[in-house]
Amino acid sequence: MSAFLPKDFDAQRPVALIAGRGNYPVITAAAIRTAGVPLRLIAMDDETEPPLIASFPESERVTLNVGQVGKMLDTLKAFGAGYALMAGQVKPKKLFHGLVPDLKAASILFSLKRRNAETIFGAIAAEIEKLGVTLLDARAFIDDQLATAGAMTGKLGIDDEYVQHGIHIAREMARLDIGQGCVVRKGTVLAVEAFEGTDEMLRRAGTFKTDETLFVKTVKARQDFRFDVPVFGLRTLETMHAAGLHAAALEAGKVIVLEKPAVLAQARAWGIALHGF
């Protein structure tokens with residue numbers, strides 16, 4: 001069913017999909033349904049795609065605000081969920097600005113010495129597990145959407161020494177919890193990903209000379225794959241194209257290439273080389 005499911009996975013127990021923005025939750029929901037596993041939806045207000053919400057009967061879905069952690073936990077119990085799966089982003093600013101936490105969320109935030117996506121979602125994951133609900137690897141059910149080793153579209157056309165430099169920089173940025181990507185050119189770092197996200201980083205990199213420029217996307221050495229898994233999709237590809245960037249190296253088996261067939265086809269059409277390392 002998926003290489004990323006626990007060995008004792010029970011396909012009769014419902015999976016609650018905690019859905020954020022974009023097509024990632026949509027594709028994951030379709031894959032879970034295809035596998036014949038019972039599915040429930042916990043949608044995020046102003047984040048989850050309306051058509052995805054509408055595809056669930058009212059009895060099998062709940063919509064809540066990002067700060068309603070207590071309600072989310074109560075919903076998991078009401079659904080009788082055996083598993084939960086987080087898919088799709090929440091706008092980063094919602095985690096830090098304008099957040100109206102309920103009592104459970106407030107207690108979690110108060111307990112954290114550092115407040116970032118990893119610590120916040122990690123604490124929420126711990127609360128989910130306390131219910132006896134297993135939080136699944138976010139790659140579960142979408143094995144076919146992952147970057148694969150080697151050339152996925154064309155050759156990078158960049159000296160291997162410069163490729164390895166880019167991978168090293170990206171991994172160091174991930175290790176320091178700054179971001180999961182960077183853009184390099186001939187041994188020089190043009191931009192690193194931070195709070196502003198991938199697209200803004202790519203736009204900044206595009207303001208420099210872009211021949212032999214490489215975008216690298218990786219994961220943390222101790223990545224918790226239950227949340228915050230890096231995604232490369234059509235929007236990222238479009239941003240690369242607009243910025244004049246023509247090569248990307250993605251960590252194989254770890255970076256999700258969302259809507260992969262469409263991404264690879266469009267990359268070929270634009271002459272963008274995608275390589276898995």
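**A first look at the predicted model**

Let's start with burial: of the 277 residues in the protein, 49% are buried, meaning under 20% relative accessible area with a 1.4 Å probe, protein chains only. A word on the source: this is a predicted model, where local features need pLDDT of at least 70, side-chain atom pairs count only at pLDDT 80 or more, and totals for chains, interfaces and linings use all residues. Residues are numbered from 1 along each chain as its sequence is written, and side-chain values use heavy atoms, with hydrogens and water left out.

Now the fold. The protein has 10 helices and 13 strands. These are DSSP runs, numbered from the N terminus: helices are H or I, at least four residues, and strands are E, at least two. The radius of gyration is 19 Å, close to the 19 Å from the globule rule for 277 residues, so the protein is as compact as a globular protein of that length. That radius is taken over C-alpha atoms, and the rule is 2.2 Å times the number of residues to the power 0.38. Along the principal axes, the C-alpha trace spans about 55 × 40 × 35 Å.

Next, contacts, meaning heavy atoms within 4.5 Å. Take those between residues at least 6 apart in sequence: 73% join residues at least 24 apart.

Where is Lys155 found? Look in the loop between β6 (150–153) and α7 (160–175). Lys155 has 78% relative accessibility, so it counts as exposed; the cut-off for that is over 50%. Leu274 is 119 residues from Lys155 in sequence, yet their C-alpha atoms are 7.7 Å apart in space.
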